[in-house]
Amino acid sequence: MWTCRNCNVSFDFDRVEPELDEQGFFFLCPACDYRNKLVDTGPDATGRPKLVQSDDGVSRQDQSD
Ligand SMILES: [Zn+2]
């Protein structure tokens, strides 16, 4: 679940498309188009980049699915 830092709406990972440009990973909020920064913390169990919101505490990202 990602939460827009602008409008505070949460979205499931499969509802938003992470994007990458020269400044790094981000997703655009479907509700307000705010650019939310993401950080690649390395490949997950399936080999895909695991993206977290940069201002989330790492300790909160302990959900393993
Ligand atoms: Zn938003």
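Local features are reported only at pLDDT of at least 70 and side-chain atom pairs count only at pLDDT 80 or more, while totals for chains, interfaces and linings use all residues. Residues are numbered from 1 along each chain as its sequence is written.

The confidence score is pLDDT, given by the predictor for each residue on a scale from 0 to 100. The chain averages a pLDDT of 85. A score of at least 70 is reached by 85% of the residues. Residues 57-61 fall below 50. Beyond near neighbours in sequence, that stretch has two contacts in the model. A contact requires the C-beta atoms of two residues, placed from the backbone, to lie within 7 Å. Where pLDDT is low, the predicted coordinates should not be read in detail.

The chain holds six strands and zero helices. Its pattern along the sequence is β-β-β-β-β-β. Both element types are DSSP runs numbered from the N terminus: strands are E runs of at least two residues, and helices are H or I runs of at least four. Of the 65 residues, 9% count as buried. Burial is assigned from C-beta atoms placed from the backbone: a residue is buried if 20 or more others lie within 10 Å of its own, exposed if 12 or fewer, and partly exposed in between. Among contacts with a separation of 6 or more, 25% link residues 24 or more positions apart.

Four strands form an open sheet in the order β3-β4-β5-β6, with antiparallel pairing. Strands β3 and β6 stand at the edges. Each has a single partner strand, so one side of each is left without a neighbour in the sheet. From one strand to the next, the twist averages 45°. Axes for this angle are lines fitted to C-alpha atoms (for helices, over the stretch in contact), and angles run from 0 to 180 degrees between N-to-C directions. Pairing itself requires at least two DSSP bridges between two strands.

The sheet can be followed strand by strand. Strand β3 covers residues 19-21 and strand β4 residues 24-28. They run antiparallel and are joined by three bridges. Glu19 stands opposite Phe26 of β4. The hairpin from β3 to β4 passes through two residues. Gly24 belongs to β4. This glycine counts as partly exposed because 13 C-beta neighbours lie inside 10 Å.

Leu28 has Arg35 in β5 as its bridge partner. Six residues lie between β4 and β5 in their hairpin. Asp33 sits in this loop. Its phi is positive, about 70°, although Asp33 is not a glycine. Asp33 is exposed, because 10 other C-beta atoms lie within 10 Å.

Strand β6 (residues 49-53) pairs with β5 in the antiparallel sense over four bridges. Leu38 stands opposite Gln53 in β6. Pro43 stands opposite Pro49 in β6. The hairpin of β5 and β6 has five residues between the strands. Within this hairpin, Gly47 takes a positive phi near 90°.

Asn8 lies in the loop between β1 (2-3) and β2. Asn8 has a positive phi of about 70° and is not a glycine. With 10 other C-beta atoms within 10 Å, Asn8 is exposed. Phe11 has its place in strand β2, residues 10-11. Phe11 counts as partly exposed, because 16 C-beta neighbours lie inside 10 Å. Leaving aside neighbours within four places in sequence, Phe11 is in contact with Met1, Trp2, Val16 and Pro30. Phe11 and Ala31 are 20 residues apart in sequence, and their C-alpha atoms are 9.7 Å apart in space.
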